[in-house]
Amino acid sequence: MGGRLREIAAPFAVAAPAGARVRTRLRVSAADAEVLAAAGAHLGSLASADLAARCAEGRLDAEGQARSRAERKKALTAASSSRWAGAITRTSEDSWQLADRNLRAERAGLRARVRKIESRLEIPAGTGKGRLRGYATRAERFRKQQRLQVLRARLARVEERLAAGRASVCRGGRGLAKARHGLGAAGKTQEQWRREWEVSRWFLTADGEAAKRLGNETLRWDPDTGWLEVKLPSPLARLANAPHGRYRLECQVEFPYRGGEVAAQAASGAVRYDVSYDPGRDRWHLDASWKVPARPVPSLEDLRGFPLLAVDLNDGHLDAWAVTPDGNPAGPPVTVPLNLAGLPSSQRDGRLRRAVTALIALARDSGCRAIAVENLDFAEARAEGREHAGRRPARGRKGRRARAVTAGLPTGKFRDRLVQMCFNAGLSVIAVDPAYSTRWSAEHWLKPLREREQVTTGHHAAAVVIGRRAHGHKARRREGVTGPDQRIRDRGTAARAPKTRRVSRESGTSGARRQPPRRRKTAPASRGHPPDQAAEDRSRPPAEPPLTDAQ
């Protein structure tokens, strides 16, 4: 391997998640659905107006944010309530901050692409300077000059927006907004799109309050009786069926999954509730979320005393192998399918959960205390895009395929989902540096592992390298270590004399020197003497027995 290798970071145990979120289905009646839809539409219109006002103010410091939120909250309280207004203003501020971070990330990506093109344009076409290569042909160089002008124009617009503090936010989702201009490609009618657009802009989110009854005064769920109450905005107080402008749903609400934790949190702390509606399946859902106390992270020394399940994330599948504390793979390799291409977000999340569940089951069956994964983000690859000029392909069909794979790998969601579900199952997660894991696994591990297993791939070998790094071992195999079944397999570890070829009387041995004759075993004592040799087998047989002196 040529070139200078970068320093590999040490593995570390991932901290426990800071929050929890549980969902259940609401089997509401027609009257309940009508009241929830009216409240969501009314609060959604207030949230849209408040977000527009926040975006018009631009970038503010901490004091300006507090003053702006207080003024906007006071204006919204008359049309809703103090708690609804607080949740709306908090959501608007979070949305603007997220849009501002996305705008900064776009500027960083454009700068990386401009810098890469400029560096390659300094070198004549078809030549190179050190490790940097110019473009292959003059035609490609000309196209990159044109693309450079486009990228510079986009970068100028982004920097202008950042300087002015203009961050754009689309309530309801930009993807759904663009689908309005291509209903045929989206497979939706205008009425279906309009319904989804209106529902996506509803607002039914209530922030938790630790010092209040059941952890929330706006949306309250009683775990003992199973009722759910909603504090209606002031203009909708006529629809209340409970005291103090509240509406209690007719259906019983329960959390089949982790319901005890939700009930314990509602009795002792703050709980945030989100009510959502899926128009495609006509279903209502309730999400409960809360902060969990900080949990201690196990040390690497404690986790390394047990086997680890090493996982290699790939496009369409996960490859895993249990690695023992001495750095050797144990048991057969496992492949878990994970095909997420072309699926909606709900199905992608479901398949991701199923894959993580399979990994947790494998870890428990192998006696593992932790799961080791690579600390991947592809930040540089996604920033430079097709302008990258390293080992990764950048042009043609291979380049498009490489960019599609990079964009399609759910690195962030997989890591977050794995950490959350592993800690719920009592397992830990170890993150390792992904540098050279694929190259060194192919160089040192792929061949011996294929001799041991019949279904081993390069991804399984990479999983072994990940597990070795998590255990604190080097990725490379130790030299001189013999393979399995050394005495009965023809591995050729010791030098052997070559076999003898045919010998001709004229030229002698055509290959190596003649080998000594094979040593034969001596005859045992129990074996009888050979019979008398026949006369015709001897050169001069006697005609008659010899005469003695007595005769």
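In what order do the six strands of the open sheet with mixed pairing follow one another? In this predicted model, the order is S1-S15-S14-S11-S12-S13. Strand S1, residues 12-13, and strand S13 stand at the edges of this sheet. Each of the two has a single partner strand, so one side of each is left without a neighbour in the sheet.

Strand S12, made up of residues 316-323, runs antiparallel to S13, and seven bridges join the two. Within this pair, Asp319 stands opposite Thr335 of S13. Helix H13, residues 411-424, packs on the sheet and touches S11, S12, S14 and strand S15, residues 428-432. The direction of H13 makes about 170° with that of S14. Another helix, H10, spans residues 345-365 and lies across strand S11 (308-314), S12, S13 and strand S14 (370-374). Relative to S13, H10 runs at about 170°.

Val334 belongs to S13, which covers residues 329-338. With a relative accessibility of 25%, Val334 counts as partly exposed, because buried means under 20% and exposed over 50%. Leaving aside residues up to four places away in sequence, Val334 touches Leu318, Asp319, Ala320, Leu362 and His460. Trp321 is 13 residues from Val334 in sequence, and the C-alpha atoms of the two are 6.2 Å apart in space.

A further open sheet has four strands with antiparallel pairing, in the order S2-S10-S9-S5. Here the edges are strand S2 (19-26) and strand S5 (205-206), each with a single partner strand, so one side of each is left without a neighbour in the sheet. Strand S9, residues 272-278, and strand S10, residues 283-291, run antiparallel and are joined by seven bridges. Ser276 has His285 in S10 as its bridge partner. Helix H8, residues 259-268, lies across S2, S9 and S10, and runs at about 60° to S10.

Finally, two helices meet each other. The axes of helix H1 (residues 30-57) and helix H2 (residues 62-77) come within 11 Å and cross at roughly 150°. H1 and H2 are therefore roughly antiparallel to each other, as angles over 145 degrees count as such. Their crossing is right-handed. On the H1 side, Leu46, Asp50, Ala53, Arg54 and Glu57 take part, and they meet Gln65, Ser68, Arg72 and Leu76 in H2. The residues of this contact divide into three nonpolar, two polar and four charged.

Key:
Residues are numbered from 1 along each chain as its sequence is written. This is a predicted model: local features need pLDDT of at least 70, side-chain atom pairs count only at pLDDT 80 or more; totals for chains, interfaces and linings use all residues. Side-chain values use heavy atoms; hydrogens and water are left out. Buried means under 20% relative accessible area, exposed over 50%, partly exposed in between (1.4 Å probe, protein chains only). Contact means heavy atoms within 4.5 Å. Two strands pair if DSSP finds at least two bridges between them. Axes are lines fitted to C-alpha atoms, for helices over the stretch in contact, and angles run from 0 to 180 degrees between N-to-C directions. Angles under 35 degrees count as roughly parallel, over 145 as roughly antiparallel, 65 to 115 as roughly perpendicular and the rest as oblique. A crossing is left-handed if the near helix is turned anticlockwise from the far one by less than a right angle, and right-handed if clockwise. Ala, Val, Leu, Ile, Met, Phe, Trp, Tyr, Cys and Pro count as nonpolar, Asp, Glu, Lys and Arg as charged, and the others, Gly among them, as polar.
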